[in-house]
Amino acid sequence: MGLRFASLGSGSKGNGTLVASGDHCLLVDCGFTIKETERRMARLGMSPADLTAILVTHEHSDHLSGVAPLARRYSLPVYLTPGTLRARDIGKLPQIHLIEGHQPFTVADILVTPVAVPHDAREAAQFVFRSCGSSLGLLTDLGTVTPHVEAHFGDCDALVLEANHDPQMLAQGPYPPSLKRRVGGAYGHLSNQQAAGFLQRVGYEHLQHLVVAHISEKNNTLELARVAMAEMVESVENCIFACQKEGFDWLTVEARG
Ligand SMILES: [Zn+2]
Ligand SMILES: [Zn+2]
């Protein structure tokens, strides 16, 4: 069996992604209360007691707010960059593993490659996971797709990719001008078109799963994201759209033949 992954929820109100291989399961980010995390994990047949570790991508509350309480309650080790650790008062963590720059590391039998992304956080890292001959990339919360990002995420077997906003909806939407600039800027979030452009450049025919994620509830619609991704929806074996309320159910990445 290859890598499996599922989501507790995806968007600016809270994120959490499960990545599992064999008996081990990692939680990437936690933007939910303990109770809400337990509830959302139960829906996926899991409890936080089943977790091996928590990994953190960056310090924004939709990714971090639930990390320390959950880690303390269930005595879980937390992996994060030094920049993320020092960015704000995270709260006491029972066990800290610092991620060193671009250095891949293993948790149980999962090889994790951290990839630096342009985002308005101290030391944001997104991750590529490899196990059992298959790979999964989690790529959200970035304002620009750099050549470095393309090199690491271009050939993953499965991809969770941000399509945060529609530029026109963002421009005409309710956010104050400074927030509009931040979200749409080089250190903000990927638009539908940026996400589609990235896939066009690196190719998407090889993907087993494409999960379009971190879709804004204010500055985007499922319909607009679908239109921007029309070619991918057509050609990728399984293309789905993650939501804030439900995330998405377990998906398995088969080993590359
Ligand atoms: Zn976010
Ligand atoms: Zn963020």
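**Exercise 1. Classify cysteine 30 as buried or exposed, then find how many disulfides there are.**

Step 1. Cysteine 30 has 0% relative accessibility and therefore counts as buried; buried means under 20% relative accessible area, exposed over 50%, partly exposed in between, with a 1.4 Å probe and protein chains only. The model is predicted: local features need pLDDT of at least 70, side-chain atom pairs count only at pLDDT 80 or more, and totals for chains, interfaces and linings use all residues. Residues are numbered from 1 along each chain as its sequence is written, chains are lettered from A and ligands numbered from 1 in the order in which they are written, and side-chain values use heavy atoms, leaving out hydrogens and water.

Step 2. Cysteine 25, at 3% relative accessibility, is also buried.

Step 3. A disulfide is a pair of cysteine sulfur atoms within 2.5 Å. The closest cysteine sulfur to that of cysteine 30 belongs to cysteine 25 and is 12 Å away, so it is too far for a bond. The count is zero disulfides.

**Exercise 2. Describe what coordinates the zinc ion (ligand 1).**

Step 1. Its donors (N, O and S atoms within 2.8 Å of the metal, or 3.2 Å for Na, K and Ca; water is not among the atoms, so sites may look incomplete) come from Asp62 (OD), His63 (NE2), Asp141 (OD) and His214 (NE2), at 2.1 to 2.2 Å.

Step 2. Along the chain, the donors of this ion are spaced D-H-x77-D-x72-H.

Step 3. Both aspartate 62 and histidine 214 are buried.

Step 4. Aspartate 141 bridges the zinc ion (ligand 1) and the zinc ion (ligand 2), which lie 3.6 Å apart.
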